[in-house]
Amino acid sequence: NVTLYQSKKGYTAFFSGANALNEAKRFNKDASLIERKEKEEYSYLSFNSQIGSDEVGVGDLFLPLVVVASYVKKENIQALIDLGIKDSKKISDEEIISIAPLLLHFVDYSKLTLQNEKYNELIARGENLNSVKAKMHNKVLSNVIKRHKDVKEIYVDQFVNENKYYEYLKKEEEIIDNIEFKTKGESYYICVAVSSIIARYSLLIEKNKLEEKYKIVFPFGAGKKADLFIEEFLKRYPKDEIKKIAKSNFNNLKDFI
């Protein structure tokens, strides 16, 4: 199988199947393999057409929350396995940047990005992290399902129990039900793994935007590196500025502001 995709830099070919590397080298002597772990190749529980969602940025003090839902056709599942699709936490950022543009040609997806300034407004109005995530998951799932109404399998990477999830949505105009919730869902359903990769790719883009704006490298997480970042940031910018880009319900800022 040969898949061609177009970007601003031109065309790229992705070869899969028997003898793929030798075939690719007929056209480009520098062609190389995308490695994958054999034990993970067929670990997924379903190979039917499916829709699933996942999020990133939850534990990142200075990065936004990104939620993605993806539709995967059963005809494309093997190509995605060949591409090495798995949980984004098990893939390096370099691999994410390499794989994600290819991935987007195999799936239909919806993405929501919640910047921390808006996130803080929601928290101040009485929302909590899980209620925010539930509403974002519901929205991206709704967006994708409207385009693929025949799909029966819908999966969410579980972050709260099912009853509480729907309790958070009780005031929403449209609620997606018939969902199967699964902890570490990206390890069991390829649509969730796809969503995790697209979300991570989007988070890396958002991180780059922040770094271009503030001319400083932003850390992942909320540990010691985040505390050191706060010290450095406050040497360059006023306190009001850091309040815009940090999640207000994290404790890190208390010792600095």
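Reply:

Let's start with length: helix 6 has 17 residues, and at 1.5 Å a residue they should span 24 Å, which agrees with the 24 Å between its end C-alpha atoms. That expected span is 1.5 Å times one less than the number of residues. Helices here are DSSP runs (H or I, at least four residues) and strands likewise (E, at least two), numbered from the N terminus.

Some ground rules: this is a predicted model, so local features need pLDDT of at least 70 and side-chain atom pairs count only at pLDDT 80 or more, while totals for chains, interfaces and linings use all residues. Numbering runs from 1 along each chain as its sequence is written, and side-chain values use heavy atoms, with hydrogens and water left out.

Back to the helix, which covers residues 129-145. At its start, a side-chain oxygen of Asn128 comes within 2.9 Å of the backbone nitrogen of Asn130. Helix 6 is mostly covered, with 13 of its 17 residues buried; buried means under 20% relative accessible area, exposed over 50%, and partly exposed in between (1.4 Å probe, protein chains only).

The residue I'd zoom in on is His137, which sits in this helix. His137 counts as buried because its relative accessibility is 0%. Its side chain makes a polar contact with the side chain of Glu55 at 2.7 Å. (A polar contact is a pair of N or O atoms within 3.5 Å; within protein, one must be able to donate a hydrogen and the other to accept it, and residues adjacent in sequence count only if both atoms are side-chain atoms.) Leaving aside residues up to four places away in sequence, His137 touches Ser53, Asp54, Glu55, Val67, Val156, Phe159 and Tyr165, where contact means heavy atoms within 4.5 Å.

Arg200 forms a salt bridge with Asp93, with the closest N and O atoms 3.1 Å apart. Arg200 lies in helix 8 and Asp93 in helix 4, so this pair ties together parts that are 107 residues apart in sequence. Arg200 counts as buried at 19% relative accessibility, while Asp93 is partly exposed at 22%. Glu211 and Lys207 form another salt bridge, at 2.6 Å between the closest N and O atoms; both are in helix 8, 4 residues apart, about one turn of the helix. Glu211 is buried at 18%, and Lys207 is buried at 12%. By the rule used here (a side-chain nitrogen of Lys or Arg within 4 Å of a carboxyl oxygen of Asp or Glu), the count comes to 13 salt bridges.
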